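Have the chain open in a viewer as you read. The walk goes from the overall fold to single residues.

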Amino acid sequence: MKNTIVFRRRFLKKIRVALLLAASAILPLQNVHAQPETDKKEPEQIRIGFQKSAVNLVVLKQRNTLEQRFKSSKIVWLEFPAGPQLLEALSAGSLDFGLTGDSPPVFAQAANKDLLYVGAEPPKPESSAILVQAASPIKTLADLKGKRIALQKGSSAHFLLVQAVKKAGLAWTDMQPIYLAPADARAAFERGSVDAWAIWDPYYGAAELSFKPRVLSTGRGLSNNNSFYLASRNFAESYPGTVLNLLDELTKADRYVQQNRKEVAQLIADVSGLNLTTVQLFLSRRSNPSPTTVIDPAMVADQQRVADNFKEIGLIPRAVKVADIVWYPKNAAIAKQ
């Protein structure tokens, strides 16, 4: 009898130990932001690149949130008109962290720029579009054949146009891309120097409300229009806790956006110079909610499709493996696939 009791006690003890070990393995998977990370030493400065469409970054900037969290770091904010210019600054060592669309990182990786994907927001396929003039004879994507189309080279709009041309059964060489920054592209489009314009919000929303072009197609069914946070390799590897805390603050900023839409719309209008109606329109096309997460295998696969499409039509000089520059934080339970 005594031996039976001892055996049962030992058995139950083993079960409890096994359950504790299982629980400790599962808990870190719940939420990468659940336990804020702290680096042994914060960076002296955090240089952040943003665009007018970077809603959560703009909210953090205007509310001085990062200045309050990273008390030992100087926060430096730099605005860019588009992702390619932002990533050029990042790879040149002038930035530490920033947000772009799906295409700029592919072009940067193909050019051997040393940077890492560190986070992402949910897809926003309705936030980019191919526009034509209201009276344009272009009615379908196939009608783009032989036409001049304005776009920012290497931007998310670039991939949108690649997919549109492919869906129409055309070759990339069947139309003439005119590579212009957003402001110049709009001017060319308005004066009729180009036949169509591939663009993203808020430039898309501003044009839609200003001179009412016709939307030939949005990204729906063509491009997920993913948004990625990138960091220099040195910054991410030297300050992994800081990177995770930045992603955490971005998710909190998104919650603030969802709960204070009117206030945020006015805040962005004040900062960007856009009118309030334009801001409200492009905010309405964002996912609700839009938390920031580390990169998962599905995002890597989606981004690999972007890279493969650009290589297939010769727009990047070499094939790239997106997973090679994806950051997998050691202190977050994110398995490398």
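Among contacts in this chain between residues at least 6 apart in sequence, 80% join residues at least 24 apart. Contact here means heavy atoms within 4.5 Å. The model is predicted: local features need pLDDT of at least 70, side-chain atom pairs count only at pLDDT 80 or more, and totals for chains, interfaces and linings use all residues. Residues are numbered from 1 along each chain as its sequence is written, and side-chain values use heavy atoms, with hydrogens and water left out.

The secondary structure comes to 13 helices and 10 strands. Both are DSSP runs, numbered from the N terminus: helices are H or I with at least four residues, strands are E with at least two. Of the 337 residues in the chain, 51% are buried. Buried means under 20% relative accessible area, exposed means over 50%, and partly exposed lies in between (1.4 Å probe, protein chains only).

Start with helix H4, residues 83-91. Its buried residues are Gly-83, Leu-86, Leu-87, Ala-89 and Leu-90. Seen down the axis of H4, they fall within an arc of 155 degrees, so they line one face of the helix. The arc is that of the directions from the helix axis to the C-beta atoms. What covers the buried residues of H4? The cover includes strands E1 (45-50), E3 (97-100), E4 (115-121) and E10 (227-232), together with helix H5 (103-110). After H4 comes Gly-93, with a positive phi near 90 degrees.

Other backbone features deserve a look. Most residues other than glycine have a negative phi, and most peptide bonds are trans. Asn-112 is not a glycine, yet its phi is positive, about 65 degrees. Asn-112 sits in the loop between H5 and E4. Asn-225 is not a glycine either, and has a positive phi of about 55 degrees. The loop between strand E9 (214-218) and E10 holds Asn-225. Which of these is buried or exposed? Asn-112 is exposed, at 59% relative accessible area. Asn-225 is buried, at 7%. The peptide bond that joins Asp-201 and Pro-202 is cis, with omega about 5 degrees. Pro-202 lies in the loop between strand E8 (196-200) and helix H8 (203-210).

Now turn to a pair of helices. Two packed helices are described by the angle between their axes and the distance between the axes. The axes of H10 (residues 240-259) and H11 (residues 261-272) come within 5 Å and cross at roughly 110 degrees. Axes are lines fitted to C-alpha atoms, for helices over the stretch in contact, and angles run from 0 to 180 degrees between N-to-C directions. H10 and H11 are therefore roughly perpendicular to each other. That term covers 65 to 115 degrees; under 35 counts as roughly parallel, over 145 as roughly antiparallel, and the rest as oblique. On the H10 side, Tyr-256, Val-257, Gln-258 and Gln-259 make the contact. They meet Arg-261, Glu-263 and Val-264 in H11. The residues of this contact divide into 3 nonpolar, 2 polar and 2 charged. Ala, Val, Leu, Ile, Met, Phe, Trp, Tyr, Cys and Pro count as nonpolar; Asp, Glu, Lys and Arg as charged; the others, Gly among them, as polar.

Ser-272 is also in H11. Ser-272 is buried, with a relative accessible area of 16%. A polar atom of its side chain lies 2.7 Å from the backbone oxygen of Ile-268. The backbone nitrogen of Leu-274 lies 3.1 Å from a polar atom of the Ser-272 side chain. Val-58 is 214 residues away along the chain, but its C-alpha is separated from that of Ser-272 by 9.2 Å.

Another serine, Ser-136, is in the loop between strand E5 (128-132) and strand E6 (148-151). Ser-136 is buried, at 9%. Its side chain reaches the backbone nitrogen of Ile-138 at 3.1 Å.

Val-165 is in helix H6, residues 156-167, and is buried at 2% relative accessibility. Leaving out residues up to four places away in sequence, Val-165 touches Leu-170, Ala-171, Trp-172 and Met-175. Thr-65 lies in helix H3, residues 65-69, and is buried at 17%.

Key:
A polar contact is a pair of N or O atoms within 3.5 Å; within protein, one must be able to donate a hydrogen and the other to accept it, and residues adjacent in sequence count only if both atoms are side-chain atoms.
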